[in-house]
Number of protein chains: 2
Amino acid sequence: MPHAEPPRRGRDPRHAEISPFLVEPRWLVPVEPAGSVLAEHAVAVRDGNIEAVLPAAQARSRFAAYERIALDEHVLIPGLVNAHTHAAMALMRGLADDLPLMRWLEEHIWPAEKRHVSAQFVRDGTLLACAEMLRGGITCFNDMYFFPQAALESALEAGMRSAHGIIVIEFPSAYAADAADYLGKGLEVRDRYGEEPLASFCLAPHAPYTVSDASFRQVATLAAELDLPVHVHLHETQDEVQRSLSEHGVRPLERLRRLNLVTPNLIAVHAVHLSDEEISLLARHGCSVVHCPSSNLKLASGFAPVGKLAAAGVNVALGTDGAASNNRLDMFQEMRSAALLAKAVARNAQAMPAHAALRAATLGGAQALGLAERIGSITRGKAADLVAVALRGPELAPCYDVVSHLVYAAGREHVSHVWIAGELHLRDGALQNSAFARLDTRMALWQNALGSLAGH
Amino acid sequence: MPHAEPPRRGRDPRHAEISPFLVEPRWLVPVEPAGSVLAEHAVAVRDGNIEAVLPAAQARSRFAAYERIALDEHVLIPGLVNAHTHAAMALMRGLADDLPLMRWLEEHIWPAEKRHVSAQFVRDGTLLACAEMLRGGITCFNDMYFFPQAALESALEAGMRSAHGIIVIEFPSAYAADAADYLGKGLEVRDRYGEEPLASFCLAPHAPYTVSDASFRQVATLAAELDLPVHVHLHETQDEVQRSLSEHGVRPLERLRRLNLVTPNLIAVHAVHLSDEEISLLARHGCSVVHCPSSNLKLASGFAPVGKLAAAGVNVALGTDGAASNNRLDMFQEMRSAALLAKAVARNAQAMPAHAALRAATLGGAQALGLAERIGSITRGKAADLVAVALRGPELAPCYDVVSHLVYAAGREHVSHVWIAGELHLRDGALQNSAFARLDTRMALWQNALGSLAGH
């Protein structure tokens with residue numbers, strides 16, 4: 001199994017001193033207020049934060065000393081929030097596809113994880129995922145995997161904002177022995193990195209079929225004490241629902257409700273199979289749902305009732321899931337798929353309009369993670385997590401509506417610039433961080449190591 | 001309304017003299033035989049055709065005099081066939097979205113067509129569509145729109161292979177007065193351009209709800225006489241099926257069967273709402289179906305039973321539909337969406353594996369158009385319609401299976417080279433044809449002209 005030196009902890013010296021600057025895009029879509037599209041506007045950034053959003057002419061006189069970045073063909077949007085992923089599984093992208101869930105898991109994914117998952121695997125896989133996500137305009141991701149400290153350290157090295165799951169699962173792994181061990185190790189990581197400005201944490205009980213009532217109770221207690229989000233796979237497949245009915249006498253959501261987990265902290269991932277009553281319950285309690293359209297299709301899980309969830313007032317976020325079941329970490333793809341699928345599922349072409357998809361991919365994710373005061377929209381005082389998308393090329397002509405183009409026509413390849421907390425990470429499509437230079441050699445090693453488990 | 005000088009007819013002098021060459025990709029996916037992935041192979045091209053597919057070492061000695069094109073990170077595939085589009089509607093990309101079908105048509109699309117569609121509109125819109133399609137690895141498209149001669153001339157100017165619908169519809173337009181006029185004008189275009197090696201023709205009765213029995217009978221007679229494919233929207237929406245039941249007493253497919261149109265020449269576009277008996281009928285008669293997943297979702301038409309169609313032996317092709325209802329002319333997107341959707345619809349992760357999606361996007365389209373002896377696979381004697389896809393970047397690492405990557409992870413932005421009949425049209429992602437240079441000014445004119453009809 002390949003190994004490399006561990007990365008240094010914490011922030012790059014480049015973070016320390018960033019001169020203030022003005023971004024002047026052709027269009028600006030702040031996400032808040034909803035539906036707004038601004039032209040001739042600029043964003044002033046100082047100390048990593050959005051200092052002002054104002055007409056470009058005013059900006060040039062008020063911030064005359066700031067460096068000016070003119071983006072004449074671009075739309076500026078808030079950084080995309082990938083609200084559910086297993087970043088390190090990027091190393092298993094395309095390892096096995098087109099297989100029924102249990103053969104996929106039992107013959108390929110689980111053996112690969114059993115043999116190979118280590119802190120080094122997670123470090124390298126997460127760094128790979130960060131490179132991909134940054135290039136596609138993702139500035140923040142919500143991760144759930146083994147060895148969260150390794151994932152967190154790679155995210156910090158990459159300069160990305162990230163939320164890390166304090167994973168809880170009842171079976172042993174190279175990372176931890178039992179639920180108490182998982183929980184203890186995760187809390188330790190939180191103690192160590194709790195002050196990192198780019199890092200946050202969720203409790204992450206894996207799923208109803210892999211976590212006991214006792215562990216869920218502990219999670220509920222901790223979530224209330226520490227005011228942490230609870231990131232859990234929920235109602236992903238019919239099988240999960242059936243199994244809960246036979247083992248617990250109730251459906252998984254009702255089980256979680258009885259265990260005091262249905263609260264505004266709940267991040268229900270997938271939420272494919274829901275009754276109308278369950279949708280009301282999620283809405284009443286201020287829960288968030290992370291919709292993962294590509295993954296739900298690829299694993300044949302089904303069609304989430306996103307139109308109904310949104311209509312009921314549930315906060316909807318979007319996620320890529322891991323690259324083993326997608327196989328992209330591409331929020332442009334998820335926005336498009338979510339907006340299109342919602343229409344066919346609801347039999348209503350007005351379900352999830354383009355602005356709603358963009359909101360889900362930004363502010364929806366921020367809200368789910370408890371970060372809506374910090375990120376998710378281009379608003380004065382929030383962090384300068386900004387993404388410029390170049391609307392050029394025959395595939396984006398003509399242009400009648402920039403948000404329609406963002407969701408239905410553009411792709412992640414149109415992302416040209418990415419800033420996180422004011423630091424430039426992508427410039428004209430090129431990654432700026434030298435940490436990614438080692439990926440080529442690392443990938444070659446992992447590809448050799450895992451290749452024997454591939455199957456299609 | 002903007003105008004420009006008409007393009008010159010026929011072939012560019014560049015077509016005439018192309019030196020023979022060898023393409024040496026890292027991987028070669030010929031599509032025939034099914035499932036094959038070759039490494040260390042080369043394709044020899046002479047006079048626009050595939051002269052040989054053979055091990056690279058042999059190729060270098062046998063074709064030592066040929067120019068060698070080494071593509072060390074690339075997979076070479078047959079050119080993609082977009083089996084259903086309305087190319088000129090690229091000018092209405094994003095003009096209106098997120099609207100119910102009738103408002104979308106009545107308030108935006110039809111008024112725009114009524115005011116603006118002309119030979120010049122079709123010429124410019126088709127040229128724009130060709131630029132987008134070439135950049136995305138599409139070498140052949142099957143078009144249905146007004147003013148097919150203008151579309152055909154733009155396709156020829158662009159150097160693309162194309163099939164043009166001899167459109168038949170009962171309502172008048174700027175192009176033709178009635179069904180007889182449409183048919184007469186279309187047949188005239190075929191008479192004029194019948195010998196063009198890059199052009200072919202279909203009869204294109206628009207849809208069951210816009211074409212009379214009398215016109216369908218004429219189409220059936222002509223299809224049999226001339227052995228032309230019959231390109232028709234069919235069973236796209238529940239409404240269409242209901243309307244046929246109330247107006248004709250039978251479902252549209254049964255109506256076409258009675259009118260002698262259910263034959264191997266039938267290209268049934270959409271085919272969303274089908275009973276098992278209808279699937280058997282299509283299979284028994286050797287019909288082709290063009291699946292348009294993005295469009296079916298965006299217009300909330302429903303979910304086509306692609307897994308069942310393929311299992312029954314129906315030839316499945318893929319199409320983008322027009323850019324007004326997609327909003328991309330992107331066969332990579334359609335491959336991915338088709339493969340993913342098929343799994344969720346069938347509740348079976350093995351429905352439409354990656355190789356099947358690639359076959360549908362290439363040989364499936366060729367077969368539907370009656371062109372399978374000429375294009376659709378990398379086979380000796382077929383035309384050298386070839387596409388190289390660069391499998392590099394963090395989003396495509398690691399790589400365990402190139403066909404999985406093509407369908408699930410890569411995008412059209414990874415297309416680096418495109419040849420049509422041996423002529424290089426895209427080199428390292430850059431279009432080679434100077435005809436596209438005029439698009440910028442033309443698009444600005446159309447955007448102004450149509451912008452007042454935009455709405456979301």
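Visitor: How many residues does the contact take from chain A and from chain B?
Guide: This is a predicted model. Here, contact means heavy atoms within 4.5 Å. By that rule, each side is counted by chain: chain A gives 64 residues and chain B gives 64 residues.

Visitor: What area is buried between chain A and chain B?
Guide: Carbon and sulfur atoms give 57% of the buried area. The whole area buried between the two chains is about 5,200 Å².

Visitor: Which helix gives the most to the side of chain A that touches chain B?
Guide: The interface also holds 26 residue pairs in polar contact. On the chain A side, α4, α11, α13, α15 and α16 each supply at least two residues. With 7 residues, the helix that gives the most is α13(A).

Visitor: How many nonpolar residues are on the side of chain A that touches chain B?
Guide: Sort that side by class. There are 15 charged and 17 polar residues. The nonpolar residues number 32.

Visitor: At what angle do helix α13 and helix α15 of chain B pack?
Guide: Two packed helices are described by the angle between their axes and the distance between the axes. For residues 331-346 and 402-409 of chain B, the axes are 7 Å apart. The helices are roughly perpendicular, because angles of 65 to 115 degrees count that way. The angle is about 95°.

Visitor: Which residues of α15(B) make the contact with α13(B)?
Guide: From α13(B) come F332(B), M335(B), R336(B), A339(B), L340(B) and K343(B). By class, the residues of this contact are 7 nonpolar, no polar and 2 charged. The α15(B) residues are L406(B), V407(B) and Y408(B).

Visitor: Are α5(A) and α6(A) roughly parallel or roughly perpendicular?
Guide: These helices span residues 148-158 and 179-193 of chain A, with axes 10 Å apart. Their angle is about 30°. Angles under 35 degrees get one label, so α5(A) and α6(A) are roughly parallel.

Visitor: Which residues of α6(A) make the contact with α5(A)?
Guide: On the α5(A) side are Q149(A), L152(A), E153(A) and L156(A). The contact has 4 nonpolar, 1 polar and 2 charged residues. The α6(A) residues are V189(A), R192(A) and Y193(A).

Visitor: How many residues apart are E132(A) and R412(A)?
Guide: The structure has 50 salt bridges over all chains. E132(A) and R412(A) form a salt bridge, with the closest N and O atoms 2.8 Å apart. E132(A) is in helix α4, while R412(A) is in the loop between α15 and β15.

Visitor: Where is P398(B), which a cis peptide bond joins to A397(B)?
Guide: Most residues other than glycine have a negative phi, and most peptide bonds are trans. The bond between A397(B) and P398(B) is cis, with omega about -15°. P398(B) is found in the loop between β14 and α15 of chain B.

Visitor: What is the omega of the peptide bond from E32(A) to P33(A)?
Guide: P33(A) lies in the loop between β1 and β2 of chain A. The bond from E32(A) is cis. Its omega is near -5°.

Visitor: What is the phi of E40(A)?
Guide: E40(A) sits in the loop between β2 and β3 of chain A. This residue is not glycine, and its phi is positive. The value is near 55°.

Technical notes: Residues are numbered from 1 along each chain as its sequence is written. Chains are lettered from A and ligands numbered from 1 in the order in which they are written. This is a predicted model: local features need pLDDT of at least 70, side-chain atom pairs count only at pLDDT 80 or more; totals for chains, interfaces and linings use all residues. Side-chain values use heavy atoms; hydrogens and water are left out. Buried area is the accessible area (1.4 Å probe) that two parts lose on being put together, summed over both. A polar contact is a pair of N or O atoms within 3.5 Å; within protein, one must be able to donate a hydrogen and the other to accept it, and residues adjacent in sequence count only if both atoms are side-chain atoms. Helices (H or I, at least four residues) and strands (E, at least two) are DSSP runs, numbered from the N terminus. Ala, Val, Leu, Ile, Met, Phe, Trp, Tyr, Cys and Pro count as nonpolar, Asp, Glu, Lys and Arg as charged, and the others, Gly among them, as polar. Axes are lines fitted to C-alpha atoms, for helices over the stretch in contact, and angles run from 0 to 180 degrees between N-to-C directions. Angles under 35 degrees count as roughly parallel, over 145 as roughly antiparallel, 65 to 115 as roughly perpendicular and the rest as oblique. A salt bridge is a side-chain nitrogen of Lys or Arg within 4 Å of a carboxyl oxygen of Asp or Glu.
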